[in-house]
Amino acid sequence: MNLNTAQIANAEAIGLSDIPLIDKRELTETIVSLCGHSHYVNAFFGAELNGQIRIFAALGDPSSGLFDVFSTSVKNGEWESITPECPQLHMFERELAEQFDLRLVGHPFPAPVHFAPTLAEQTLGKWPERIVPGTGPIISIAGKSIHEVAVGPVHAGIIEPGHFRFMCSGEIVHHLQINLG
């Protein structure tokens, strides 16, 4: 696969115009290909530029010390998840959806990462239901020996407020859901 990326070294600057803008299909193929060849997702974030949401990716290659950098634009306020093919993007995509109010399609757990209203929502005095702690989806595991342990809203008094839900079978934790804030 001929990759349409810019390569940079650690701490090297690159101009916005030097970052390739590719279509979503090519971005997905590039990420899946690079992650399949020992690269790691170091950054995956969005920015509003010229009235459009642009998604940037930086994947590092530990063997060469170089980063492949590239981007795409979001169409129709919707983002087709790449997480099923590249689990490294799990939290990145959830945060993107939350920050830019994108509809996240095909993500295995499209819950918000943070539970704080945006500046616009604070100004309007609103707290949208989509980000109220505890209103997002809860993963459940069914089975004869499965039990859930809910801890919170505050645990031990030394960490930030949170709710932790453990799905266990004996001492084996199969899933832990964390809602902070």
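## Pocket lining and aromatic pairs

The lining of the second largest pocket holds 7 nonpolar residues, 2 polar and 1 charged. The model is predicted. This pocket has a volume of about 190 Å³. In total, 10 residues line the pocket, and M91, R94, L176, Q177 and I178 lie nearest its centre. Helix 2 (90-100) and strand 9 (172-180) are the elements that each give two or more residues to this lining. Strand 9 gives the most, with 5 residues.

Now the aromatic rings. The count comes to 3 aromatic pairs. Two of them are set out here.

| Pair | Centre to centre | Angle between planes | Type |
|---|---|---|---|
| F44 and F92 | 6.4 Å | 70 degrees | edge-to-face |
| F45 and F56 | 5.4 Å | 20 degrees | stacked |

F44 and F92 link distant parts of the chain. F44 is in strand 2 (residues 40-49) and F92 is in helix 2, 48 residues apart. F44 has a relative accessible area of 4%, so F44 is buried. F92 has 25%, so F92 is partly exposed.

F45 also lies in strand 2, while F56 lies in strand 3 (residues 52-61), so this pair ties together parts that are 11 residues apart in sequence. F45 counts as partly exposed because its relative accessibility is 42%. F56 is buried, with a relative accessible area of 5%.

One aromatic cluster is formed by F44, W79 and F92. A charge also sits at W79: K24 lies over the face of the W79 ring, at 4.5 Å from the ring centre.

Definitions and conventions
Residues are numbered from 1 along each chain as its sequence is written. This is a predicted model: local features need pLDDT of at least 70, side-chain atom pairs count only at pLDDT 80 or more; totals for chains, interfaces and linings use all residues. Side-chain values use heavy atoms; hydrogens and water are left out. On a 1 Å grid over the protein atoms alone, a cavity is a set of points where a 1.4 Å probe fits but cannot get out, and a pocket is an open set with protein on both sides within 12 Å along at least five of seven lines; lining residues have an atom within 4 Å of a point. Grid points are joined across faces, edges and corners, and a volume is the space filled by probe spheres set on the points. Helices (H or I, at least four residues) and strands (E, at least two) are DSSP runs, numbered from the N terminus. Ala, Val, Leu, Ile, Met, Phe, Trp, Tyr, Cys and Pro count as nonpolar, Asp, Glu, Lys and Arg as charged, and the others, Gly among them, as polar. Rings of Phe, Tyr and Trp (its six-membered ring) pair if their centres lie within 6.5 Å; planes under 30 degrees apart count as stacked, over 60 as edge-to-face and the rest as tilted. Buried means under 20% relative accessible area, exposed over 50%, partly exposed in between (1.4 Å probe, protein chains only). A charge sits over a ring if NZ of Lys or CZ of Arg is within 6 Å of the ring centre and within 35 degrees of the ring normal.
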